[in-house]
Amino acid sequence: MIANADAAAWLHTAFAWAGMSLGAAMWRATQRRQPTGGGVLAPGNFAVVVGLLLGAALGNKLVFLIERPDVALAMWQGRPAWPGQSIVGGLLGGLIGVELAKRLTGQARSTGDAMVLPIAVGLAIGRVGCFLAGLHDDTYGLPTSLPWGVDFGDGIRRHPTQLYEIAVVLPLGWALHRARFATPGLAFKLFLSDYLLWRFGVEFLKPVPVAWPLGLSGIQWTCLAALAVYAPLVVRAARSPTLATP
């Protein structure tokens with residue numbers, strides 16, 4: 001683990017950018033293999049990318065501030081504070097940004113399925129950075145006596161929740177990437193809903209920085225709210241016939 005806070009921040013940022021860069025490269029390669037061809041600048045694709053980036057940038061800060069209202073209050077009062085990032089916020093903000101961009105440009109095609117595996121790989125690489133940053137990152141777990149508990153530098157063995165997430169998102173992303181669903185967009189809908197469910201559950205293994213109603217974290221309430229809106233869309237898409245073979 002990295003003991004120095006500045007070094008940990010730089011390492012975390014490096015892995016986050018590496019994950020996003022590789023994910024973007026994978027998505028571009030997928031787009032080039034489509035029958036319509038084209039890359040980022042192809043008709044329709046550029047608007048989707050802009051919507052994705054703007055939505056993700058806003059969403060990851062907003063949900064972080066929901067998770068950490070103490071930071072939001074400090075910013076409001078003019079005290080030195082800078083919001084961190086939230087993957088949940090980035091995914092939800094990116095989804096909203098893409099849908100708005102498609103509506104503004106008159107697109108009805110589904111674009112999410114091609115992003116499933118790139119997102120999963122990008123998340124996994126980013127979580128490696130979270131793991132190496134140790135106690136300087138807010139993603140470590142609660143103390144545990146389990147044999148795979150990890151000491152992040154304070155002499156306490158904790159749940160390596162960052163590694164748990166890697167073990168979940170990579171197989172999930174690969175399985176949905178390989179699936180052949182008759183309904184376009186269903187793979188992405190399943191990935192996002194499953195990830196929200198996973199994050200809601202795994203947050204019980206993490207410290208809660210600021211408790212919201214029922215003792216849940218801001219991330220958990222965000223996941224519940226998003227699932228309440230998104231689940232009906234997933235069910236509707238899943239009712240269409242699917243082809244089970246990869």
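A polar contact is a pair of N or O atoms within 3.5 Å, where, within protein, one atom must be able to donate a hydrogen and the other to accept it. In this predicted model, the backbone nitrogen of Gly218 meets that cut-off, because it lies 3.1 Å from a polar atom of the side chain of Glu67.

**Glu67, a charged residue without a salt bridge**

- Glu67 belongs to helix H2, which covers residues 45–67, and the residue is buried yet takes part in no salt bridge.
- Besides the approach to Gly218 at 3.1 Å, the side chain of Glu67 reaches the backbone nitrogen of Ile219 at 2.8 Å.
- When neighbours within four places in sequence are left aside, the residues in contact with Glu67 are Glu203, Pro209, Val210, Ser217, Gly218 and Ile219.

**Salt bridges**

- Side chains of opposite charge can pair when their charged atoms come close.
- The structure holds 7 salt bridges, and one of them joins Arg127 to Glu165, with the closest N and O atoms 3.0 Å apart.
- This pair links distant parts of the chain, since Arg127 sits in helix H5 (residues 116–133) and Glu165 in helix H6 (residues 161–178), 38 residues apart.
- Both partners lie under the 20% cut-off for a buried residue, with Arg127 at 4% relative accessibility and Glu165 at 2%.
- Asp154 and Arg158 form another salt bridge, in which the closest N and O atoms are 2.6 Å apart; here Asp154 is partly exposed at 33% relative accessibility, whereas Arg158 is buried at 11%.
- Lys206 pairs with Glu203, the closest N and O atoms being 3.1 Å apart, and both Lys206 and Glu203 are buried.

**Helix H6 and its buried face**

- Helix H6 has 18 residues and reaches 26 Å from its first C-alpha to its last, which is close to the 26 Å expected at 1.5 Å a residue.
- The buried residues of H6 include Thr161, Gln162, Glu165, Ile166, Val169, Leu172, Gly173 and Leu176.
- Seen down the helix axis, the buried residues of H6 fall within an arc of 160°, so they line one face of the helix.
- An α-helix has 3.6 residues a turn, so residues three or four places apart point the same way.
- The buried residues of H6 pack against helix H4 (87–104), H5 and H7.

- Gly201 is found in helix H7, which covers residues 186–202, and it counts as partly exposed at 34% relative accessibility.
- Although Gly201 and Gln220 are 19 residues apart along the chain, their C-alpha atoms are separated by 8.1 Å.
- Leu214 is found in the loop between H7 and helix H8 (218–238), where it counts as exposed at 76% relative accessibility.
- The backbone of Leu214 has a positive phi of about 65°, although this residue is not a glycine.

Definitions and conventions:
Residues are numbered from 1 along each chain as its sequence is written. This is a predicted model: local features need pLDDT of at least 70, side-chain atom pairs count only at pLDDT 80 or more; totals for chains, interfaces and linings use all residues. Side-chain values use heavy atoms; hydrogens and water are left out. A salt bridge is a side-chain nitrogen of Lys or Arg within 4 Å of a carboxyl oxygen of Asp or Glu. Helices (H or I, at least four residues) and strands (E, at least two) are DSSP runs, numbered from the N terminus. Buried means under 20% relative accessible area, exposed over 50%, partly exposed in between (1.4 Å probe, protein chains only). The expected span of a helix is 1.5 Å times one less than its number of residues. The arc is that of the directions from the helix axis to the C-beta atoms. Contact means heavy atoms within 4.5 Å. Lys and Arg count as positive and Asp and Glu as negative; His and the chain ends are not counted.
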